[in-house]
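Reader: I've got a structure here that I'd like to learn to read. Take me through it, feature by feature.

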Amino acid sequence: NSCPHKQGPLSEGIVSGEHVFCPLHDWKINMKDGKVQAPDVGCVKKYNVEVEEEIIFIYVE
């Protein structure tokens with residue numbers, strides 16, 4: 001839930017397509033691979049998720 005820049009709460013960011021935007025400084029982070037869009041650098045941890053019959057499974061390694 002933390003942006004790699006200044007630990008902004010990503011859960012409060014705006015989601016657009018495959019990206020979430022940090023609410024503090026608008027860093028754009030890809031939700032599929034966790035990478036920050038250039039020219040900014042960094043990444044966040046991602047988790048694989050499945051939905052089966054309205055049940056959400058989050059795979060934590």
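Reader: Let's start with one residue. Where is Glu53 found?

Author: First, how to read the model: it is predicted, so local features need pLDDT of at least 70 and side-chain atom pairs count only at pLDDT 80 or more, while totals for chains, interfaces and linings use all residues. Residues are numbered from 1 along each chain as its sequence is written, and side-chain values use heavy atoms, with hydrogens and water left out. Strands are DSSP runs of E with at least two residues, helices are runs of H or I with at least four, and both are numbered from the N terminus. On that basis, Glu53 sits in the loop between S4 and S5. Its phi is near 50°, a positive value in a residue other than glycine.

Reader: Is Glu53 buried or exposed?

Author: The labels go by relative accessible area: buried is under 20%, exposed is over 50%, and partly exposed is in between (1.4 Å probe, protein chains only). Glu53 has 78% relative accessibility, so it counts as exposed. Gln7 also has a positive phi, about 60°, although it is not a glycine. You'll find Gln7 in the segment before strand S1 (14-16), and it is exposed because its relative accessible area is 51%.

Reader: What does the overall layout look like, and how many helices and strands are there?

Author: There are 0 helices and 5 strands, running β-β-β-β-β from the N terminus on. Along the principal axes, the C-alpha atoms fill a box of roughly 40 × 20 × 20 Å. Of the 61 residues, 21% are buried.

Reader: Which residues make up the largest nonpolar core?

Author: As a general idea, nonpolar side chains tend to be buried together in soluble globular proteins. A nonpolar core here is a set of buried Ala, Val, Leu, Ile, Met, Phe, Trp, Tyr and Cys residues joined through side-chain atoms within 4.5 Å. The largest one has 8 residues: Cys3, Leu10, Val20, Cys22, Trp27, Ile29, Val36 and Val44. Pick out Cys22 on your screen. With residues up to four places away in sequence left out, it touches Cys3, Gly8, Leu10 and Trp27, where a contact means heavy atoms within 4.5 Å.

Reader: Where is Asn30 found?

Author: Asn30 is part of strand S3, and its relative accessible area is 14%, so it is buried. A polar atom of its side chain lies 3.1 Å from the backbone nitrogen of Asp33.

Reader: How much space lies in the largest pocket?

Author: About 320 Å³. A pocket is an open set of points on a 1 Å grid over the protein atoms alone where a 1.4 Å probe fits, with protein on both sides within 12 Å along at least five of seven lines; lining residues have an atom within 4 Å of a point. Points are joined across faces, edges and corners, and the volume is the space filled by probe spheres set on them. The lining has 16 residues, and the closest to the centre are Met31, Val44, Lys45, Lys46 and Tyr47. Strands S3 (28-30) and S5 (55-59) each supply at least two lining residues.

How values were computed
A polar contact is a pair of N or O atoms within 3.5 Å; within protein, one must be able to donate a hydrogen and the other to accept it, and residues adjacent in sequence count only if both atoms are side-chain atoms.
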